[in-house]
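This note concerns the surroundings of a ligand and the packing of several helices. Please read the points below alongside the sequence and the model.

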Amino acid sequence: MLVVMRHDAREDQIRAVVALISSMGFEARPIPGRQRTTVGVIGNDGRVDGTRLAALEGVQEVIHVTKPYKQVSREWRPEPTIVRLSGGLTIGGDEIVVMAGPCSVEGERQTIEAARLVRDAGATMLRAGAFKPRSSPYSFQGLGRSGLAMLARAREETGLLVVTEAMDAEGVDAVGAVADMIQIGARNMQNYSLLKSAARAGKPILLKRGFSATIQELLLSAEYILAEGNPDVVLCERGIRGFDTVTRNMMDLSAVPVVHALSHLPIIADPSHGTGRRDMVIPMARAAVAAGADGLLVEVHPTPERALSDGAQTLDVEQFKQLMREARPIAEAIGRRVAEPVGARA
Ligand code: PEP
Ligand code: MN
């Protein structure tokens, strides 16, 4: 339930609304907006008597949020959420943020070299996994904690912000200590205890869509993070299971405008996992920008043929430069721009 205050409501009137909600045994969350403040009722299981709230001074109307997800919905917050990262980088505003790097952290030299290459080509964040959720237990599982230290070194060397995956609640603190943004992978999108502990790590979360998850399930998973008190969530479309074996996944780009309609959260697109094929990454990246994605996640490796994971979908640096070159005018055509590396920012 949302209590929408009049545009001229006074502070003491807002406080009275908060006090009544608290006295009913629920949490009240004031949401200041451009025009007016709204007070959200958290944990309302249908027992709140809206008429008591509607009768208070300064209240314009009481809205029942119709969706099963509440805080992530557009009804709850009409303006887009802009997630702020260190160095002034934002996701969800006019800028399109490109996160790039090898699928896995394989060693310090490889990580720093990859970071330099993607930064020089215009990426703003380094994305590489130290903890890797692999379908086979015999595949390379990632370097774990030592990989995190390499990511920290790569950030020092290049100034790129780091986004990397946390796979379990035990690892969240170690990942959160290094990462500027914590990735929750597709396989863990519905790992609710992980979502809650990641939410509490105090870092923005990149939440990837599970490959058999509906958009409603994706938004409900994001709701877990907001309900835990962390508003900084960026969603990621990374392809869903289809019946065609030509591509690894079916990249559901309609998720971008659908999420923008249903939620205020930003959504980025991952054409690397979304297609599984190097030759399709650039076209789908172009399409994602055109569809309104707030960023891209792209796998790039100094020598993709030697990558320890996901080589088939990984771009080399020349291909990544082409992607960046082609993404920029598409962004501009829809009134946006591709974000500049942090070091290059005014
Ligand atoms: C990854 O980002 O490297 C990864 C494992 O992705 P996903 O969780 O989308 O499969
Ligand atoms: Mn990968």
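1. How do the residues of the shell around ligand 1 divide into nonpolar, polar and charged? There are 2 nonpolar, 3 polar and 6 charged residues. Here Ala, Val, Leu, Ile, Met, Phe, Trp, Tyr, Cys and Pro count as nonpolar, Asp, Glu, Lys and Arg as charged, and the others, Gly among them, as polar.

2. The model is predicted: local features need pLDDT of at least 70 and side-chain atom pairs pLDDT 80 or more, whereas totals for chains, interfaces and linings use all residues. Residues are numbered from 1 along each chain as its sequence is written, chains are lettered from A and ligands numbered from 1 in the order written, and side-chain values use heavy atoms, without hydrogens and water.

3. The residues around ligand 1 are C103, R127, K132, Q183, G185, A186, R187, K208, R238, H273 and E299. A residue is counted here if one of its heavy atoms lies within 4 Å of the ligand.

4. An N or O atom in the side chain of K132 is 2.9 Å from an oxygen atom of the ligand, and for K208 the distance is 2.9 Å. For R238, a polar side-chain atom lies 2.6 Å from a ligand oxygen. Of the 290 Å² of accessible area that ligand 1 has on its own, the protein covers 98% (Shrake-Rupley method, 1.4 Å probe).

5. Helices are DSSP runs (H or I, at least four residues), numbered from the N terminus. Axes are lines fitted to C-alpha atoms over the stretch in contact, with angles from 0 to 180 degrees between N-to-C directions. The axes of α10 (residues 278-291) and α11 (residues 317-333) come within 9 Å and cross at roughly 20 degrees. The two helices are therefore roughly parallel, the term for angles under 35 degrees.

6. Helices α3 (residues 108-120) and α4 (residues 145-158) have axes that come within 9 Å and cross at roughly 40 degrees.

Methods: A polar contact is a pair of N or O atoms within 3.5 Å; within protein, one must be able to donate a hydrogen and the other to accept it, and residues adjacent in sequence count only if both atoms are side-chain atoms. Angles under 35 degrees count as roughly parallel, over 145 as roughly antiparallel, 65 to 115 as roughly perpendicular and the rest as oblique.
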